[in-house]
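Please open the model in your viewer and keep the selection panel at hand. The stops below go from one local feature to the next.

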Amino acid sequence: MKEEEKKKTVSAQSFDDYDDGFDVFFEKIKSNPQYDAEKIKKAYELARDAHKNQRRRSGEPYIMHPVAVAEILFKLGMDNECIIGALLHDVVEDTEYNLDYIKKEFGGEVALLVDGVTKLGQIPLSTREEVQAENIRKMFIAMNEDVRVIMIKLCDRLHNMRTLQHMPEYKQREKSLETLEIYAPIAHRLGIRPIKEELEDLAIYYLDPIAYKEIEKNLSMKKEQGEKFLNEITQQISDKITPVMKNVQITSRVKSVHGIFRKVYIKGKNFEQIFDIYAVRIIVDSMIDCYNALGIVHDMYKPLPGRFKDYISMPKPNMYQSLHTTVLSPSGIPFEIQIRTWDMHRTAEYGIAAHWKYKLGKGGKDNIDDSLQWIHKIVETGNDTESPEELVTNIKGDLSVDEVYVFTPNGDVKCLPKGATVIDFAYAIHSAVGNKMVGAKVNGKIVNLDYKVKTGEIVEVLTSNQAGKGPSRDWLNIVTTGEARNKIRSWFKKERRDENITRGKADVERELKRNFIRLEGEKYEKFLERIAERQHCASVDDFYAAVGYGGLAITRLMPGIKDEYNRNWKPKDPAPAKTVTNTTQIRQESKSTNGVIVEGIDNCLVKMARCCSPIPGEEIIGFINRGTGLTIHKRDCVNVPADISNSPEPERWVKAHWDSSAQIEARSTIDVYAIDRDGVVLDITTKMANAHVKIHSINARPINDGNCLTTMTITVNSKEHLDSIEKTLRKIEGVYHIERSTN
């Protein structure tokens, strides 16, 4: 059952009082000969009966949801099976009807669509990340079989977002973030602009309502002025173009809220610096007319340098084609002009759905397979990914809306996410090319392997057939695409098993020691066998190998491993001694207070110095405060004299060390300096979440010369843990310096 649509039992009498919208929708179905009206009505009646005792959070009968989803698909022009699949998409998940019954009554195609959008039910998964990853994996596998699965899923999500006001606030934010990271980019890749823009706008409305209202206010203030401006520009262009071209349509639009949000609140631009708030669209009959129209508008208005894009000769992966240019009006207001043919316009508006709406091709994998290669790649990436969190991260990266188009020396075009390196480019050509890569040239010049490719560049991959050559493990820290990362790991998995086992064993032992997990002999071996089994590894060596080649991240597994150890394997504390005679010995050993042992002092109030915030693993020293207890400093703190014996009050400084037998958590504040780019703070918080690091506070602000400073207070358990966190953060694009913050 969908948790965002918690259903309640109602009486049949109250259920019948509602108009679920089907009658009006059905009249449209009957007027269109492409649809089997009787079969659609049969599906509706089954869904209505199946959901008869269920309501949505809003209090409406649940049947209103599948009807609304089916109507959105109808407006997109989707076919008969897709409409039926939408009406039945929650029947198998939430009611007594099963997939076999659906297949018997409505056929195998409908059953495949319903199964594709049905969430996983009885599979035991331990974390929310695993649930999300497995659902996404299943969705993409189903998309690989029939792209109509995602069409239903997108429309399902769109209607849920339209009615999200009835959900708790935390659920609104959770679903909105997932929509922005997964579903809106999928709609973009499929070229369905109206759904993409509405999903983005709704997500921003819940994620940042203040920014949303501010943008709306700015747009409303300019509404009258903008409408007048666009009407004048449209008329001017029409007066010039219509006399020389037939069948021309000229329309205008204002940029979406999310589009403005990205530029104002993420890229840091002023509202006045956005050049494409206003846009004019020119639709003509032929490709030649597109370029003729471009010449006319460039003759009318001054084009802005660097703002022309030719997506006709170089289409986007979602099949989008158009000419884009930004020009200045006579009054000095910048605006964008898009020029395309009628066929290009249909594809731009409906994307993959245009194949059904305008009968350009059939469903499934027929004539549209070439435009869906990205789905096949994501499925392959998912099959090679062993961490569910990593699967989600890879998909988010591969679905990036920002793309670059790079040429091979033969003139072939490769589309990559923005920020991709020449190594990503090599693996996009073929895994064999990436594995043999030794260097790269961009526009004829040798570049470093971490060079980030840009649109229009010609990249030549330099390879070597020398035996024993292969990728470097360091490449895993350089590449940005899930495809490249998994191909590198696959090579190490096959070619370097012994090395992987040795490396993985060392990593596991070090991490267990750092987390105070101590077992010996047979008990230790059985503990590792249990951990390997939980990670679906056939043996401990397989587990070591997976850690060694990077398929499993031991730091991410540690919370579960510690839980298993504490519940089932941790030795019980020995019974306390009944008598003690040597009081001197007690005085010397002292008790651990807050994880610190202070020589000669017992049961004293201990606090950590704010000036240096010491953490376990660092050399420390104590200072006795009169009447307020003991303060622990780092030994190299600026407030600790280098020579204690020559200090004003040497007797107040006492020796101290960390209690190695205690599990200690400490707070540490770090400053992360980075280039102020789009999404850098989101990348930082995502890395921390993936590493299971608790953030107590975070503050990000721009500093000089296009840089930004992010200050975080986090929980760490040792110096090694903090070093590991800093190492993880340094892998983020643009991060150039990290330091401990002091008060």
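Begin by selecting T234, which counts as buried because its relative accessibility is 17%, the cut-off for that label being under 20%. Bear in mind throughout that this is a predicted model. T234 belongs to helix α14, which spans residues 223-241, and, leaving aside residues up to four places away in sequence, T234 touches I250, S252 and V280.

Next, select residues 148-162 and 193-207, which are helices α10 and α12; they pack at an angle of about 35°, and their axes are 10 Å apart. The crossing of these two helices, α10 and α12, is left-handed. To display the contact itself, show L154, C155, R157, L158, M161 and R162 on α10, together with I195, E198, L199, L202, A203 and Y206 on α12. Coloured by class, the residues of this contact between α10 and α12 comprise nine nonpolar and three charged, with no polar ones.

Move on to strand β6, residues 334-341: is this strand enclosed or open to the outside? Eight of its eight residues are buried, so β6 is largely enclosed by the rest of the structure. In a regular strand, side chains alternate between the two faces of the sheet. On β6 both faces are covered, with P334, E336, Q338 and R340 buried on one side and F335, I337, I339 and T341 buried on the other.

Strand β2 (residues 278-284) pairs with β6 in the parallel sense over six bridges, and I339 of β6 is the bridge partner of I282. Strand β5 (residues 323-328) runs antiparallel to β6 and is joined to it by six bridges, with T326 standing opposite E336 of β6. Between β5 and β6, which form a hairpin, lie five residues, and G332 in the turn has a positive phi of about 85°.

For the last stop, select the four strands that form an open, antiparallel sheet in the order β19-β20-β18-β21. The edges are taken by β19 (695-702) and β21 (735-740), each of which has a single partner strand, so one side of each is left without a neighbour in the sheet. Neighbouring strands of this sheet are turned by 20° against each other on average, direction ignored. Strand β18 (residues 666-675) pairs with β21 in the antiparallel sense over five bridges, and A674 stands opposite V735 of β21.

Definitions and conventions
Residues numbered from 1 in each chain as written. Predicted model: local features only at pLDDT ≥ 70, side-chain atom pairs only at ≥ 80, totals over all residues. Heavy atoms only, no water. Axes fitted to C-alpha atoms, helices over the stretch in contact; angles between N-to-C directions. Left-handed = near helix turned anticlockwise from the far one by under 90°. Contact = heavy atoms within 4.5 Å. Nonpolar A, V, L, I, M, F, W, Y, C, P; charged D, E, K, R; others polar. Buried < 20%, exposed > 50% of the residue type's maximum accessible area, 1.4 Å probe, protein only. Pairing = 2+ DSSP bridges.
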